Amino acid sequence: MEGNQPTIMRILRETVAYARHRDYTGWDYGDGMSSKIRQALPIDNKWVNIAFQETIKRSPVNVRPLFLVEQRRNYKGTALFAMTNLNFHRLKTDIDYGTDIVGGTDYLDEAHQLLQWLIDNQSTGYSGFCGGHKHQIQHLDGRGVPNDPDVVSTSYAVKALLSGTDLDSRYPEIARTAADFVVEDLNYREVDNGDGAIINYHKNHSEEYYTINAGALGARLLIELYDYFGDEKLRERSTKILDHIARKQTDVGGWTYRDPPSASHLSMDSHHNGFIIEALQQYRSLTGSSRYDDTIDRALSFYRGLFDPDGAPHFDESNAYPRDIHAVAQGILVFTYAGDLEFAERILQWTLDNLYAGDGQFYYRKQRFYTKRITLMRWCQAWMAYAMSEYLTAQRLSGSPDQTVEIG
């Protein structure tokens, strides 16, 4: 530390404190269906549901208190907070930042409680361990129900359980059953032309299109289980999913949200492309294989173009705005895993200058002419906490000194 300048370590501590004081409970992206006003209506209509959901999601100010939207724990967010507490416990052995945050609770104990919550609140009635959002989501083609498990949320819960192996010897075996959820419930299937394999995003997902980043995170789940258990079948399935995704890479190096692209409501947006790159990075890291080196190189070149030189994120390949907190968090992770800690820190510095409210609180988005000063527990707090903890962990392993940052 230099003088009174806040360090990334201290900001991480404050971010975890913000969440801990609120028991990791808060509002979330797309939680408008949890409005008590909507629930009290005598009708249940898709278009009314969408009106509530999208009005609450898209409002330039936080109207959730006005609409009586319930605050809940998010399944994926809880996994991210569990891993953050584990990382922070390990980081604290180097520098003591005072007593732990709430009531003397230990970070390791806190991680243990969060991991147990993931187990206690998993979705039931499926082939293996899995989880999903705790609020309803209204889609044009149907409604996601609470605890409808998806591969994205499940992948982070599996990652969290594997990272907490030292806390409870049961965790790996529980996590291992998630492979059955991916294969059986998400309909793992090989493509007819021998072009790899695909899975569904969640059980009620339409099979008329393929959500590419969800497939990548499913592959990451399988390769992380392979790394722990050594089951070659897990590696084989992960490889086939990533082979298919590698072939879907566009000429510019990115991926559309869905295949076919005509089914996408998003183009080559930042944080979903970051998910894909991270999955490929993890495969290479855990297997030592050069199978996807060219794919990763082209993807990183494209992905780097989704950030300004000062670290400001673009929304996608055509639009700088909105500059989203999830995009910066994923950018910090991808460039950290790529070994480019300097650029990861540049993204973090931009975030602190533009989307940080102080006292561990991050805002949702920066529009062209205003900032959405809304704090979402999973979308903002969990992602930034996890990204900073991973960055700091990599920094310590590299032997670099603790960085100081200015708050703009």
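Buried here means under 20% relative accessible area, exposed means over 50%, and partly exposed lies in between, with a 1.4 Å probe and protein chains only. By that scale cysteine 130 counts as buried, because its relative accessibility is 0%. The model is a predicted one, in which local features need pLDDT of at least 70 and side-chain atom pairs count only at pLDDT 80 or more, while totals for chains, interfaces and linings use all residues. Residues are numbered from 1 along each chain as its sequence is written, and side-chain values use heavy atoms, with hydrogens and water left out.

**Cavities**

- On a 1 Å grid over the protein atoms alone, a cavity is a set of points where a 1.4 Å probe fits but cannot get out, and lining residues have an atom within 4 Å of a point.
- Grid points are joined across faces, edges and corners, and a volume is the space filled by probe spheres set on the points; the search of the whole structure finds 3 cavities of 30 Å³ or more.
- The largest cavity holds about 90 Å³ of space, and its lining includes Trp27, Asp28, Asp31, Glu70, Arg72, Arg73, Lys134 and Arg378.
- That lining divides into 2 nonpolar, 3 polar and 7 charged residues, where Ala, Val, Leu, Ile, Met, Phe, Trp, Tyr, Cys and Pro count as nonpolar, Asp, Glu, Lys and Arg as charged, and the others, Gly among them, as polar.
- The second largest cavity has a volume of about 50 Å³, and among the residues that line it are Tyr29, Ile56, Lys57, Arg64, Tyr364, Ile374 and Leu376, with 5 nonpolar, 2 polar and 2 charged residues in the lining.

**Cysteines**

- The whole structure has 0 disulfides, a disulfide being a pair of cysteine sulfur atoms within 2.5 Å.
- Cysteine 380 is buried, with a relative accessible area of 0%.

**Backbone geometry**

- Most residues other than glycine have a negative phi, and most peptide bonds are trans.
- Aspartate 259 and proline 260 are joined by a cis peptide bond with omega of about 5°, and tyrosine 321 and proline 322 by a cis peptide bond with omega of about 0°.
- Proline 260 lies in the loop between strand E6 (258-259) and helix H11 (270-287), where helices (H or I, at least four residues) and strands (E, at least two) are DSSP runs numbered from the N terminus.
- Asparagine 187 has a positive phi near 55° and is partly exposed, with a relative accessible area of 28%.
- Aspartate 359 has a positive phi near 55° and is exposed, with a relative accessible area of 66%.

Conventions: 1 Å grid on protein atoms, 1.4 Å probe; cavity = no way out; pocket = protein on both sides within 12 Å on 5 of 7 lines; lining within 4 Å.
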